[in-house]
Amino acid sequence: MVTLKTLGKKAPHRVTMSQRHGLLFPCARIKRYLKRAKPCGRTRVSENAACYLAAVLEYLAAEILELAGNHARDHKKGRITPKHIKLAIHNDEELKVLIGGKDVYMQEAGLCHFCYLHPDYIRKETSRKT
C-alpha cells in the first residue's frame with residue numbers, strides 16, 4: 001500500500017476553524033452547540049456565525065479575568081477566586097448591566113461589602129463618656 005509516509009511526503013497539516021480565525025475558544029464546538037439548539041426550528045449555522053460568537057465569548061472572558069486579576073493583585077493574592085470575579089463584575093458598570101447587577105449570586109463568592117443592609121442591622125457607635 002502506498003501512503004504519504006512511504007513516499008517521503010508529510011501529511012497535510014490540519015488547520016482548525018479557531019486557528020484560521022486566530023481565536024482560542026473552539027469555533028467548531030460552538031457551531032455544534034448552535035446547531036443542536038435549533039432556535040428557529042431547522043436552521044443552518046454558518047461558520048462565520050460560530051466564529052463571531054466565539055470571538056465575543058473570548059473577549060468577555062478576557063475582560064472579566066483581567067479585572068479579576070487586578071482585584072487579586074490589589075488584595076495581594078496570587079490566585080483568582082470567585083470573590084475576585086464577583087468584585088470585578090460588580091465594580092465594572094458595563095459588566096454589571098450585562099450580567100444583571102444586584103441579582104447575581106455566585107457560589108463561594110461571599111457577601112460583598114457593597115450589598116445593601118437595612119440600617120437597623122448596622123451597629124451604631126456610641127461615644128463613651130469618661
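Predicted model: local features only at pLDDT ≥ 70, side-chain atom pairs only at ≥ 80, totals over all residues.
Biologist: What does the secondary structure of the protein come to?

Modeller: Five helices and zero strands. From the N terminus on, the order is α-α-α-α-α.

Biologist: Why are α2 and α3 called roughly perpendicular to each other?

Modeller: Look at the angle. The axes of α2, residues 27-37, and α3, residues 47-74, cross at roughly 110° and come within 8 Å. The label covers 65 to 115 degrees, so α2 and α3 count as roughly perpendicular. The crossing is right-handed.

Biologist: Which residues meet where α2 and α3 touch?

Modeller: From α2 you have C27, I30, K31 and L34, and from α3 there are E47, A50, C51, L53, A54 and L57. By class, that contact holds eight nonpolar, no polar and two charged residues.

Biologist: What makes a set of residues a nonpolar core, and which residues form the largest one here?

Modeller: The members have to be buried residues of the listed nonpolar types, joined through side-chain atoms within 4.5 Å. The largest core in this protein has six: M17, L23, C27, I30, C51 and A54. Helices α2 and α3 each supply at least two of its residues.

Biologist: C27 is in that core. What is C27 in contact with, leaving aside its neighbours within four places in sequence?

Modeller: M17, S18, A50, C51 and A54.

Biologist: On to α3 and α4. Why does the perpendicular label apply to them?

Modeller: Helix α4 spans residues 82-91, and it packs against α3 at an angle of about 110°, the axes being 8 Å apart. With 65 to 115 degrees as the range for that label, α3 and α4 are therefore roughly perpendicular to each other. Their crossing is right-handed.

Biologist: Which residues make the contact of α3 with α4?

Modeller: On the α3 side, I64, L67, A68, H71 and A72; on the α4 side, H84, I85, L87, A88, I89 and N91. Sorted by class, this contact has eight nonpolar, three polar and no charged residues.

Biologist: Which residues of α4 are buried, and what covers them?

Modeller: The buried ones are H84, K86, L87, A88, I89 and H90. Their cover includes α3 and also α5, residues 93-99.

Biologist: How do you know that H90 is buried?

Modeller: Check the number against the cut-off. H90, in helix α4, has 18% relative accessibility. Buried means under 20%, so H90 makes the list. For its place in space, the C-alpha atoms of H90 and G100 are 9.6 Å apart, and the two residues are ten apart in sequence.

Biologist: N91 is in helix α4 too. Why is N91 called partly exposed?

Modeller: N91 has a relative accessible area of 37%. Under 20% would be buried and over 50% exposed, so at 37% N91 counts as partly exposed.

Biologist: How far is L24 from E58, and G22 from A55?

Modeller: The C-alpha atoms of L24 and E58 are separated by 7.3 Å, and the residues are 34 apart along the chain. For G22 and A55, the C-alpha distance is 9.2 Å at 33 residues apart in sequence.

Biologist: To finish, how much of the protein is buried, and what share of its contacts joins residues 24 or more positions apart?

Modeller: Buried residues make up 18% of the 130 residues. Counting contacts with a separation of 6 or more, 45% are between residues 24 or more positions apart.

Conventions
Residues numbered from 1 in each chain as written. Heavy atoms only, no water. Axes fitted to C-alpha atoms, helices over the stretch in contact; angles between N-to-C directions. Helix = DSSP H or I, 4+ residues; strand = E, 2+ residues; numbered from the N terminus. Parallel < 35°, antiparallel > 145°, perpendicular 65-115°, else oblique. Left-handed = near helix turned anticlockwise from the far one by under 90°. Contact = heavy atoms within 4.5 Å. Nonpolar A, V, L, I, M, F, W, Y, C, P; charged D, E, K, R; others polar. Buried < 20%, exposed > 50% of the residue type's maximum accessible area, 1.4 Å probe, protein only.
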